[in-house]
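User: I'd like to learn how to read a few features off a model. Could we go through them one by one?

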Amino acid sequence: MADTMDSYLNLLANVTILCTVAMFAAGIPSCLTIFKTGSTQNVPYLPFLMTLVNNILWFYYGILKNDSTLLVVNGIGGCLQIIYIAVYLYFALSRVKEMRQSLFAMCFMSALWFLLQNYVVEPKIIEDRLGLTASTITVLMYASPLAEIAEVIRRKNSASISLALTITSLATSTLWFLYGLLISDLYIQIPNLPGIVSSSIRLVILHLYPNDLKEKIS
């Protein structure tokens, strides 16, 4: 029985890695657009930065948990985000806003590291605090499309929603939730529930506007 569970867990971990890396690779088209046009116009910087911060937090959490799945996924994801950020900053005409956001992220990460290293002694408490922080940021990232969803409903136009990215996001959130369930880790389970809900809502919206959906598929 234990061997069977280990086999299921390994299979789930491998599929989860593939799906998550595929989702992180969604930034490649944006980078190609920047390369072709030589401009960062209409390409937001903050999602790259937030994802990098999230990758770093989960990577650190993976070290504390000795979880190779977290380490592989967030190691690859972090490297991709660094490349995206480097490309963005290279082509950006004005980097003031982006540098301000990056500085804030650096201060946040430095303050968190300082607090965990100097004011928290028990390794389990460090693990819990880090897991809670990473989970909170993940929830915020999954909740961010809600404003877009509200705008789509108001305009009755789903052109801004990517079908491929929505399906990938739904699959990834579901896989991570199941993975967290199997290893009994609430910090992995809970933040992926909003991802499942958010992606499901976007799929429903795409279904409500079949003309837009057909255009995306074609």
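User: Leaving aside neighbours within four places in sequence, which residues is Ala25 in contact with?

Analyst: Contact means heavy atoms within 4.5 Å. By that rule, and skipping those neighbours within four places in sequence, Ala25 is in contact with Leu80 and Tyr84. Keep in mind that this is a predicted model, where local features need pLDDT of at least 70, side-chain atom pairs count only at pLDDT 80 or more, and totals for chains, interfaces and linings use all residues. Residues are numbered from 1 along each chain as its sequence is written, and side-chain values use heavy atoms, with hydrogens and water left out.

User: Where is the place of Ala25?

Analyst: Helices are DSSP runs of H or I with at least four residues, strands are E runs of at least two, and both are numbered from the N terminus. Ala25 sits in the loop between helix 1 and helix 2. From Ala25 to Ile76 there are 51 residues in sequence, but 9.8 Å in space, C-alpha to C-alpha.

User: Is Ala25 buried, exposed or partly exposed?

Analyst: Buried means under 20% relative accessible area, exposed over 50%, and partly exposed in between (1.4 Å probe, protein chains only). Ala25 has 24%, so it counts as partly exposed. Across the protein, buried residues make up 40% of the 218 residues.

User: What does the secondary structure of the protein come to?

Analyst: Ten helices and zero strands. As for contacts with a separation of 6 or more, 79% of them in the protein are between residues 24 or more positions apart.

User: How do I read a nonpolar core, and which residues have the most contacts inside the largest one?

Analyst: In soluble globular proteins, nonpolar side chains tend to be buried together. A nonpolar core is a set of buried Ala, Val, Leu, Ile, Met, Phe, Trp, Tyr and Cys residues joined through side-chain atoms within 4.5 Å. Here the largest has 38 residues, and Leu57, Ile85 and Tyr88 have the most contacts inside it. Among the elements giving two or more residues to this core are helix 1 (2–24), helix 3 (46–65) and helix 8 (163–182). Helix 4 gives the largest share, nine residues. Apart from this core lies another, of seven residues, including Val152 and Ile205.

User: And Leu57, what is it in contact with beyond its neighbours within four places in sequence?

Analyst: Its partners include Phe108, Leu112, Leu130 and Ile137.
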